[in-house]
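Here is a short report on one protein model. Please keep the sequence and the 3D view open while reading.

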Amino acid sequence: MNIKITLLAAACVLSLTACGDRTPPPATETAAPTPTPADAPAEPVPAATPAPATETSAPAVSAPAATPAADKPAAVVSNCATEIEGNDAIQYNVGSIAVPASCSEFTITLRHVGQLPVAAMGHNVVISRTDDMQAVAADGLAAGADANYVKAGDARIVANTKMVGGGESTSVTFNTSKLKDGGPYSFFCSFPGHIVTMKGTISVD
Ligand code: CO
């Protein structure tokens, strides 16, 4: 036990950065007291504490799959249009789209920035009332891949793009009056299972 701690302390002295202490050169003075073996048990505790804290916070941040739509940024809108992205991790890059009230028509372009083919990682944008989207997605699933996972003539769908694979883009332009009543509305990907992580809100502001 003590040996391990002493080794850890020694490692910390040899490699300050590995222990989470980013303080540059001046650290030489801080490291000076450590040589005393008797001090070893006391020293490592404060020295080691910051390190795990830094390391555990890092993985938590880099967990994109669990990022809820609400935590994603709003789409950048200009000239009554926006471009959003879909990736190979089943994620859009935005969590909401605010359509300016001054726009009579609005265009959404979806860029698939991944590499997987449409059959494995297809993405589209389907807009419907939030209350309808699960049913719309279920009917799209039943319609199948040949139908782009969108039920033909589905009156609940305000607008939808075609399904694209990695490296492809698609866009749809629709009349914004369809979004002004009966909301809230959402956009989502109707590829099987993707609605779980690929969804966001769309509203006229
Ligand atoms: Co998708």
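## The sheet

Strand E2 (residues 81-86) and strand E4 (residues 105-112) run parallel, joined by six bridges. Gly86 stands opposite His112 in E4. Helices (H or I, at least four residues) and strands (E, at least two) are DSSP runs, numbered from the N terminus. This is a predicted model: local features need pLDDT of at least 70, side-chain atom pairs count only at pLDDT 80 or more, and totals for chains, interfaces and linings use all residues. Residues are numbered from 1 along each chain as its sequence is written, and side-chain values use heavy atoms, with hydrogens and water left out.

E2 and E4 belong to an open sheet of four strands, in the order E1-E2-E4-E7. Its pairing is mixed. The edge strands are E1 (77-78) and E7 (169-175), each pairing on one side only. Two strands count as paired if DSSP finds at least two bridges between them. Strands of a sheet pair through backbone hydrogen bonds, either parallel or antiparallel.

## The disulfide

The structure holds one disulfide, a term for two cysteine sulfur atoms within 2.5 Å. It joins Cys80 to Cys103, with an S to S distance of 2.0 Å. This pair links distant parts of the chain, 23 residues apart. Cys80 lies in the loop between E1 and E2, and Cys103 in the loop between strand E3 (96-99) and E4. The torsion about the S-S bond is about -90°, so the disulfide is left-handed.

How accessible are the two partners? Cys80 is partly exposed, at 25% relative accessibility. Cys103 is buried, with a relative accessible area of 2%. Buried means under 20% relative accessible area, exposed over 50%, and partly exposed in between (1.4 Å probe, protein chains only).

## An aromatic pair

The count comes to three aromatic pairs. Rings of Phe, Tyr and Trp (its six-membered ring) pair if their centres lie within 6.5 Å; planes under 30 degrees apart count as stacked, over 60 as edge-to-face and the rest as tilted. One of the pairs is Tyr92 with Phe187, which is tilted: 5.3 Å centre to centre, 55° between the planes.

Tyr92 is in the loop between E2 and E3, and Phe187 is in strand E8 (residues 185-188). The two are 95 residues apart and link distant parts of the chain. Tyr92 is buried, with a relative accessible area of 2%. Phe187 is buried at 0%.

His123 sits in the loop between helix H5 (118-121) and strand E5 (126-129). Cys189 sits in the loop between E8 and strand E9 (199-204), 66 residues apart from His123. His123 is buried, at 0% relative accessibility. Cys189 is buried too, with a relative accessible area of 0%.
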